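Please keep the sequence and the 3D view at hand while reading.

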Amino acid sequence: MTITPRNLDGYGTPPIEWDSVKAVLDSPLPQAPGTGGPQRHTTWLTTVNRDGSPHVMAVGVQSVNGIWYFTSGPATRKSRNLMRDPRCTFSVATEPFDLVIEGVAERVTGRDELASLAAEYAADGWPAEVAGDALTAPFSAPSAGPAPWHLYRVRPATVFALGTAEPFGATKFELD
């Protein structure tokens with residue numbers, strides 16, 4: 001993979017190093033209070049409504065080998081938006097930088113990948129199981145809609161890292 005950084009900082013701060021950004025992208029982002037970011041991590045997903053306006057909703061993200069996964073009920077607005085236009089953006093506050101990740105969502109329907117992700121979610125405390133070409137569990141976030149939930153994968157195409165701690169800075173990374 002080719003990674004092209006571009007320093008966006010206008011104050012002379014050096015670019016943020018890709019290795020530190022990748023470490024955060026590949027790490028778990030717990031959502032329980034007091035577990036990170038500004039008290040916890042909330043990952044926000046933005047999709048495109050039919051009229052071109054943005055739709056933003058919190059999602060639980062599972063990061064595996066640099067790919068971000070999330071679930072959504074088929075009748076939710078985010079799922080309907082992604083069926084029509086798969087472009088999407090995540091944003092999350094972490095330490096030592098905030099991240100914005102742009103990419104294209106792909107629905108996962110292969111049994112092996114579904115089973116692998118169900119196991120990842122279960123290891124993190126959400127008892128997901130494969131149900132046909134989706135996932136199910138005894139509970140989920142209220143915004144996910146009723147089970148079963150579609151599983152989506154997003155390979156980051158562009159990542160913005162915006163420093164929130166010394167030495168601060170802002171860097172854009174294009175991933176090919």
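Asp-133 and Arg-107 form a salt bridge, with their closest N and O atoms 3.2 Å apart; the term stands for a side-chain nitrogen of Lys or Arg within 4 Å of a carboxyl oxygen of Asp or Glu. Asp-133 lies in the loop between β8 (129-131) and β9 (134-136) and Arg-107 lies in strand β7, so the pair ties together parts that are 26 residues apart in sequence. Helices (H or I, at least four residues) and strands (E, at least two) are DSSP runs, numbered from the N terminus. Asp-133 is partly exposed at 37% relative accessibility, and Arg-107 is likewise partly exposed, at 30%. Here buried means under 20% relative accessible area, exposed means over 50%, and partly exposed lies in between, for a 1.4 Å probe and protein chains only.

The model is predicted: local features need pLDDT of at least 70 and side-chain atom pairs count only at pLDDT 80 or more, while totals for chains, interfaces and linings use all residues. Residues are numbered from 1 along each chain as its sequence is written, and side-chain values use heavy atoms, with hydrogens and water left out.

## Other charged pairs

Across the whole structure, a search finds seven salt bridges. Side chains of opposite charge can pair when their charged atoms come close. In one of these bridges, the side chains of Arg-153 and Glu-106 meet at 3.2 Å, N to O. Because Arg-153 lies in strand β10 (residues 150-154) and Glu-106 in strand β7 (residues 97-108), this pair ties together parts that are 47 residues apart in sequence. Arg-153 counts as buried at 14% relative accessibility, whereas Glu-106 is partly exposed, with a relative accessible area of 32%.

Both residues also belong to a network of salt bridges that links Glu-106, Glu-113, Arg-153 and Arg-155. Elsewhere, Asp-85 forms a salt bridge with Arg-87, the closest N and O atoms being 2.6 Å apart, and Asp-85 counts as buried at 15% relative accessibility.

## Two buried residues

His-55 lies in strand β3 (residues 54-59) and is buried, at 10% relative accessibility. The side chain of His-55 makes a polar contact with that of Arg-77 at 3.4 Å; such a contact is a pair of N or O atoms within 3.5 Å, where within protein one must be able to donate a hydrogen and the other to accept it, and residues adjacent in sequence count only if both atoms are side-chain atoms.

Pro-156 is found in the loop between β10 and β11 (158-163) and is buried, with a relative accessible area of 12%. Contact means heavy atoms within 4.5 Å, and, not counting residues up to four places away in sequence, Pro-156 touches Gly-66, Ile-101, Glu-102 and Leu-175.

## The nonpolar cores

In soluble globular proteins, nonpolar side chains tend to be buried together. A nonpolar core is a set of buried Ala, Val, Leu, Ile, Met, Phe, Trp, Tyr and Cys residues joined through side-chain atoms within 4.5 Å. The largest one has 25 residues, of which Val-21, Leu-25, Trp-68, Phe-70, Phe-90, Leu-99 and Val-159 touch the most other members. At least two residues of this core come from each of α1 (18-25), β5 (67-72), β6 (87-93), β7, β10, β11 and β12 (170-175).

Leaving aside neighbours within four places in sequence, Phe-70 is in contact with residues including Leu-45, Val-59, Phe-90 and Tyr-121.
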